[in-house]
Amino acid sequence: MKFTTEWLSDFVSPPEATEALCERLTMSGLEVEAVASLDVPLERVVVARLVSAAPHPAADSLKVCEVDAGAHGMFQIVCGAPNARAGLMACLALPDGHIAGGVAVKPTNIRSVESNGMLCSAAEIGLGDDSSGLLELAADLTPGIALGELCPATDTLIELSLTPNRGDCLSLLGIARELGALANVECREPQTPAVAAITASTLPVSLAEPDACPVYAGRVLEDVDASVTTPLWMKERLRRCGVRSISIVVDVTNYVMLALGQPMHAFDLDRLQSGIEVRRPRPGETLVLLDGSEPELQTSDLVIADGAGPVALAGVMGGLASGVQAGTRRVFLESAWFNPIRIAGTARRLRLHTDASHRFERGVDPTGQSRAVEMATRLLVDLCGAQPGPLTLERAEGLPAEAPVNIRFRLDRANSLLGTDIGKDEALDIFRRLRLQVAREDGYWCVTPPPHRPDLGREEDLVEELARMRGYDRIPATSPSPSLQLAVGDNSRDELGRVQDALVSAGYLEAITYSFIAPELWNLFGEGLEPVALAN
């Protein structure tokens, strides 16, 4: 899991510097694998609009652009980018500024035409590796504003190596919850109030496999402008976390996944027929995925289907035929809980390891589907002008996905296993910070983990949480002091030993042979018995 300290600061404010933060995470079991500075040279780099882009009089591959930089003035720039065109919002490095690598930007003369400044690609200002053309910005930006106002110039990337049981930390919210508990500081949960419906449009949903998908949330969005350029702040957060920007709708679903840990998918509603059904594949059905592959579906798989057949491989990847395109105007958002074992089986059989399957097979919060849809809806309303319909939530009640786990916990046993002397108040404070609910019973506690921690299922898990939160370095090094009790002898159990001693006294030697013998040797010892032949 990759995350940045800038994005993390939206959720939690750790009381220590990055180095101490990484040490705290590693010592709690979330191993920090890599740390990298993401500082970029954004001084004197501003947003600018290309007023015109005329051919260079002496070079076919160059253009002479008139650029509006707002309060900084108008500039003439010679540019060779193939996407330089009138009306484009781009990044302008002003004269006397610097770009990536410390290269100074100076007024120059290119083929007898003056050029004052530099229109930049993403690679030239350290915002990615793409150098094929100018970095295109949202059309509604104001020329002249500093690029540093759209994305941070100073940031740090931290990469965690998570164990499979900590799927809750595959999100910024999960990491913030962990840090909040470790440092005993507030974790600011994202506010995702319900978005009021403007239209009455819905899409019926049927759960034919409630054991594999007991929770499914969806929403119809109309008048979506899918051609909108993804804002630079969102595009940069995705890129820094290792996710490539694709389009505004797909980027929003990926952004929500990284923020909340809930994978999502967006369908082009006009390319769906009738309603949605979550079911097993039927004989002969096929599905071409977004990557162009056409896997062989089996009855153990789970698909999202419309009236014509499968449109997505549940929990793994969407289908190509129903994917969102630049011309999409109506979208159906999907957010569901899928059985981890079913998703893991499909992903491994087909060798399709995706961001979605990586999270689903480790277990996502079974109560977070509506929250994800609301967050994605708000972003698409604000960025694309979407008109939302009412939220659709299908839930199969009483299934394991939402059943609370009650764990019987004994503090004296935890101290005995750890060799510690953790008191009741300290243990209760640790459980409170971890959002565990505790009910005291006679001689033990009944502890209920939050739904985002499916890895907590037995008493030993809670003992480990106490050790992690208190600090492994604070567990004293003590020698074991077992209580030994001599067993009362049972003479009937010594019969074989006495026979062996008697034979040795009589001069016999014991031979311990190989377990595997040749068939002709078997006939000497196994008369009347049928030997078992080895396959290999």
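A salt bridge is taken here as a side-chain nitrogen of Lys or Arg within 4 Å of a carboxyl oxygen of Asp or Glu. Glu277 and Arg282 qualify, their closest N and O atoms sitting 3.7 Å apart. Both partners are partly exposed, Glu277 at 25% relative accessibility and Arg282 at 46%. Keep in mind that the model is predicted.

In total, 37 salt bridges turn up by this rule. One of them pairs Arg371 with Glu189, at 2.9 Å from N to O. Arg371 belongs to helix H8 (residues 369-384), while Glu189 sits in the loop between helix H3 (172-183) and strand E13 (205-207), so this pair ties together parts that are 182 residues apart in sequence. Arg371 is partly exposed, with a relative accessible area of 23%, and Glu189 is partly exposed too, at 21%.

Glu361 and Arg362 make another salt bridge, with 2.9 Å between the closest N and O atoms. Here Glu361 is buried, at 13% relative accessible area, whereas Arg362 is partly exposed at 23%. Salt bridges with shared partners also link Arg166, Asp168, Glu178, Arg453, Asp455, Glu465 and Arg468 into one network.

Turning to the nonpolar side, the largest core holds 51 residues, and Phe3 and Val249 touch the most other members. Helix H5 (residues 248-260) supplies the largest share of this core, nine residues. Beyond its neighbours within four places in sequence, Val249 is in contact with Val224, Ala226, Ala266, Val324, Val331 and Leu380. There is also a second, separate core of 34 residues, with Val215, Leu287, Ala312 and Leu313 among them.

Conventions:
Residues numbered from 1 in each chain as written. Predicted model: local features only at pLDDT ≥ 70, side-chain atom pairs only at ≥ 80, totals over all residues. Heavy atoms only, no water. Core = buried A, V, L, I, M, F, W, Y, C linked by side-chain atoms within 4.5 Å. Buried < 20%, exposed > 50% of the residue type's maximum accessible area, 1.4 Å probe, protein only. Helix = DSSP H or I, 4+ residues; strand = E, 2+ residues; numbered from the N terminus. Contact = heavy atoms within 4.5 Å.
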